[in-house]
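Visitor: I am new to this structure. Please show me how to read it.

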Amino acid sequence: MHHLAAHLPWPRVKALADGGAWALLPVGSTEAHGPHLPLNVDVVIAQEVCRRVARHHDAVEFPPVAYSLTDFAAPFAGTVTIPAETAKAMLVGVLRGLGQSGFGRIAVINHHLEPAHFKVVHAAAAEAQAGASFRVVVPDHRRKPTGPQLGDEFMHGGSHAGTYETSLMLAAAPQLVDEALRRGLAPVAVDLPGAIKQGATNFLEAGGPAAYFGDPAAASAAEGERLFDIIVRATLDAMG
Ligand SMILES: [Zn+2]
C-alpha cells in the first residue's frame with residue numbers, strides 16, 4: 001500500500017516504520033528535457049515508480065530530491081546543477097534521516113540517468129548505510145538484463161527526452177506533455193553514451209541543440225505502460 005510521508009503525522013510514520021514498511025526516496029533532477037517536456041520529468045517518473053512499487057509492498061514515499069548534478073543539460077534555461085559533493089552530502093543526510101526514523105529498508109528510486117549523478121547515488125547509499133542498522137537499495141535499471149529490455153533507443157541515446165522518457169510521461173502525467181510540439185519534433189539520432197565517451201560534456205556538444213535525443217514523436221502512453229512494467233519489475237527484484 002502507498003503512503004505519502006509528506007501528508008502523514010509522525011505517529012503514523014512511526015507505526016509504518018515499526019511495521020516494516022519500506023521508505024521510498026524518489027530522486028530526480030531539475031533540468032531541460034526537450035521543448036515538449038517539463039523540467040521535472042525525472043521526478044515525475046520516479047514518483048510514479050514509487051506509486052507502482054507500493055502496489056506490491058507497504059511503502060512510504062518521502063518528498064523527492066529534485067536537485068542534483070546535471071551538467072549535461074546545464075546550457076539550457078531552467079536547469080539547476082549543483083556540485084557532486086553537495087548532492088552526495090544531501091543524499092547521505094536524507095538517507096540517514098530515514099534510517100534514524102526507524103525504517104530498516106530504504107529504496108532510492110532514481111530516474112535522473114546522467115552517469116556522474118547515478119554514481120553519486122550509489123556512493124551515497126553505500127556511505128549512508130555503512131555501519132548502520134538499516135539497508136539502502138539502489139535499483140539500477142540501466143543494468144542487464146533490464147536496460148536492453150527498455151529498447152535500443154534507451155541503450156544508445158534516447159534515454160533523454162526521446163521515446164523512452166516521453167512515453168513514460170504520456171503514461172504518468174500526459175497533462176505535462178506538449179502534444180502539438182511533440183508530434184512535430186524531428187528525431188535526433190545521436191548515440192549519446194558514445195558522444196559522452198568521445199568527450200562531449202553537455203547536450204549541445206553531443207549534438208542535441210534542443211535538449212532531447214531519440215524520437216519523441218514515436219512515443220506513446222502504451223509504450224510508457226510497457227516500460228513502467230519492466231522498470232517496476234526490476235525495482236521489485238532489486239528490493240528482494
Ligand atoms: Zn530525464
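Guide: We take the sheet, then the metal site. This is a predicted model: local features need pLDDT of at least 70, side-chain atom pairs count only at pLDDT 80 or more, and totals for chains, interfaces and linings use all residues. Residues are numbered from 1 along each chain as its sequence is written, and side-chain values use heavy atoms, without hydrogens and water.

Visitor: What is the strand order of the open sheet?

Guide: Strands of a sheet pair through backbone hydrogen bonds, parallel or antiparallel. Pairing here requires at least two DSSP bridges between two strands. Strands (E, at least two residues) and helices (H or I, at least four) are DSSP runs, numbered from the N terminus. The five strands of this open sheet follow the order 1-3-2-4-5, with parallel pairing. Strand 1 (2-4) and strand 5 (135-137) are the edges, each pairing on one side only.

Visitor: How many bridges join strand 4 to strand 5?

Guide: Three bridges join them. Ile106 stands opposite Val136 in strand 5.

Visitor: Which strands does helix 3 touch?

Guide: Contact means heavy atoms within 4.5 Å. Helix 3 (residues 84-100) touches strand 2, strand 4 and strand 5.

Visitor: Which protein residues are donors of the zinc ion?

Guide: Donors are N, O and S atoms within 2.8 Å of the metal (3.2 Å for Na, K and Ca); water is not among the atoms, so sites may look incomplete. Here they are His33 (NE2), Asp42 (OD) and Glu165 (OE), 1.9 to 2.1 Å from the zinc ion. His33 lies in a loop and Glu165 in helix 7 (residues 163-172), so the pair ties together parts 132 residues apart in sequence.

Notes. Axes are lines fitted to C-alpha atoms, for helices over the stretch in contact, and angles run from 0 to 180 degrees between N-to-C directions.
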